[in-house]
Amino acid sequence: MSLDVFPILCNAGFMNNYAYLLIETQSRKTAIVDASEAGPIIKACVYHHVEPEYILVTHHHDDHTGANAELKAKYNLKIVAPEAEKELIEGADILLKDGDIFDFGKTSAEIISAAGHTRGHILWYFKKDKALFTGDVLFNLSIGGLFEGTPKQMWNTLEKIKALPDDVRFYCGHEYTAFGLSGLPDNDAGAEYFNLVKPLIEKSYPTVGMSLGLEKKCNPYLRVSSLEEFENLF
């Protein structure tokens, strides 16, 4: 594995977004996933002594792209965005679609289409590094709202996520974990999840980077086994 992932809390106390600073350890290439707010991102780059070369976008919503223009002007970086949302993401330089591979130093990301939250939402899957960036599709213990898509589209997207290996760690777009704790299953998996995240929440630390295997056992939207059951959760 050659990818370091650093969560950056943005819009704190309001949207509680996560941007992510990615550093490929061999080449030192650097990228930002979902540039929500410029200040905290610039601060993280200074701390780690890096200048990002890319912004990797999951979807067009402003709380995930609001810092694109400022960071592009500061670092002369390239914005890599979903082709299906090219008209909604200003300044996009590289457009990607389902199945495309984005090379990033000594690693790479597979693009997975993920309609549901928005029609053109994508996932960034770094297979070798066992890291998945889910934007506003999958959260810890919940999912994103259906702003543009349908329950069937979201269900199909979640089925793609469920098919990925259990040891993949996923990184979502918001810190919403505390809201889902009351829905944890009353079993060993639920207890394990609670014991992992409760101390982090109490210290206001990021709860992101949960394994998909545990999430599949605890997230109510991943535990259902049919589209009909999924639709009944809304």
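Modeller: Let's begin with a term: on a 1 Å grid over the protein atoms alone, a pocket is an open set of points where a 1.4 Å probe fits, with protein on both sides within 12 Å along at least five of seven lines, and lining residues have an atom within 4 Å of a point. A volume is the space filled by probe spheres set on the points, which are joined across faces, edges and corners. This is a predicted model, where local features need pLDDT of at least 70, side-chain atom pairs count only at pLDDT 80 or more, and totals for chains, interfaces and linings use all residues. Residues are numbered from 1 along each chain as its sequence is written, and side-chain values use heavy atoms, with hydrogens and water left out.

Colleague: How much space lies in the largest pocket?

Modeller: Its lining has 13 residues, and L9, Y18, E175, S204 and Y205 lie nearest the centre. The space in this largest pocket is about 280 Å³.

Colleague: Which element gives the most to that lining?

Modeller: Helices (H or I, at least four residues) and strands (E, at least two) are DSSP runs, numbered from the N terminus. Two elements give two or more residues to the lining of the largest pocket: β1 (3-10) and α5 (177-180). The one that gives the most, with three residues, is α5.

Colleague: At what angle do helix α1 and helix α3 pack?

Modeller: Axes are lines fitted to C-alpha atoms, for helices over the stretch in contact (heavy atoms within 4.5 Å), and angles run from 0 to 180 degrees between N-to-C directions. On the α1 side the contact is made by A38, I41, I42 and C45, and on the α3 side by E70, L71, K74 and Y75. With axes 10 Å apart, α1 (residues 38-48) and α3 (residues 68-75) pack at about 35°.

Colleague: Why is the pair of Y20 and Y171 called edge-to-face?

Modeller: Rings of Phe, Tyr and Trp (its six-membered ring) pair if their centres lie within 6.5 Å, with planes under 30 degrees apart stacked, over 60 edge-to-face and the rest tilted. Y20 is in strand β2 and Y171 in strand β13, 151 residues apart. Their ring centres are 5.6 Å apart and their planes stand at 75°, so the pair is edge-to-face.

Colleague: Where is N11 found?

Modeller: Phi of N11 is near 50°, a positive value in a residue other than glycine. Its place is the loop between β1 and β2.
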